[in-house]
Amino acid sequence: LVSLALEDQADQSPSLIILQTLNSMVVIEKALQLCASKNSKDRVLGVNILMYQTDSQFRSIAVKTLIDLARMESDSAVLEVLAYALFQLDVADRSQYLQRAATCLVASTRKAAATSLSSLADNIAINLLITLSEDIEGDVRNWATFGLQPADKDLPNKEEIRDALFARVHDCHEEARHEALLGLAQYKDQRVIAPL
């Protein structure tokens, strides 16, 4: 199954889906070996397996392994899947491990970081989201701007957050523009009225 998943390299690979759902110590041990590999494709697969241990007896092993990997990882593809994995496993303090993903040269990795950070309200997450809201790529700006909305989380009503949202109200990316307007409206910022 591992050989097939490595050969396939698709997110919806049937062999990967089986590995993710087997919930077996044999699979976990293999995933840990993959995460320790010098080959980045192996590490991507290992992370992809561990990220679906959300309700299993192996969740704590998965979280510890992924945090240890996130502390030292430099490959963009691994950083990308790590950002999604830490989100999927709902690691509460994940923002401190996403700096490299958020500043990666590869846009899809920055988007993964913005997505992962979007449900957090700590200072590290807020600062990274503000930076990502100015990204050159529209999809990155969109996710980061969404993450700066106060809905469903306790984001502080800070001027720098509202200013970051206001900076996006005329964004060329339609969804980012809509997220900015919605965020300003939720903060009851009067600057939302004119662009509306």
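The model is predicted, so local features need pLDDT of at least 70 and side-chain atom pairs count only at pLDDT 80 or more, while totals for chains, interfaces and linings use all residues. Residues are numbered from 1 along each chain as its sequence is written, and side-chain values use heavy atoms, with hydrogens and water left out.

**Positive phi**
- Most residues other than glycine have a negative phi.
- Asparagine 23 isn't a glycine, yet its phi is positive, near 55°.
- Look for asparagine 23 in the loop between helix 2 (14-21) and helix 3 (25-35); helices are DSSP runs of H or I, at least four residues, numbered from the N terminus.
- Asparagine 23 counts as partly exposed because its relative accessibility is 39% (buried is under 20%, exposed over 50%, partly exposed in between, with a 1.4 Å probe and protein chains only).
- Aspartate 90 also has a positive phi, about 55°, and sits in the loop between helix 6 (76-88) and helix 7 (99-102).
- At 54% relative accessibility, aspartate 90 counts as exposed.

**Surface patches**
- Leu1, Leu4, Ile18 and Leu22 make a nonpolar patch of about 350 Å².
- Leucine 1 belongs to the segment before helix 1 (2-8) and is partly exposed at 44%.
- Glu137, Asp139, Glu174 and Glu175 form a negative patch.
- Within helix 10 (residues 138-147) you'll find aspartate 139, partly exposed at 41%.

How values were computed. Helices (H or I, at least four residues) and strands (E, at least two) are DSSP runs, numbered from the N terminus. Patches are made of residues with over 30% relative accessible area and no salt bridge: like charges are joined within 9 Å, nonpolar side chains (Val, Leu, Ile, Met, Phe, Trp, Tyr) within 5 Å. Accessible areas come from the Shrake-Rupley method with a 1.4 Å probe; for residues, only the protein chains shown count as cover. A salt bridge is a side-chain nitrogen of Lys or Arg within 4 Å of a carboxyl oxygen of Asp or Glu. Lys and Arg count as positive and Asp and Glu as negative; His and the chain ends are not counted. The place of a charge is taken as NZ of Lys, CZ of Arg, CG of Asp or CD of Glu.
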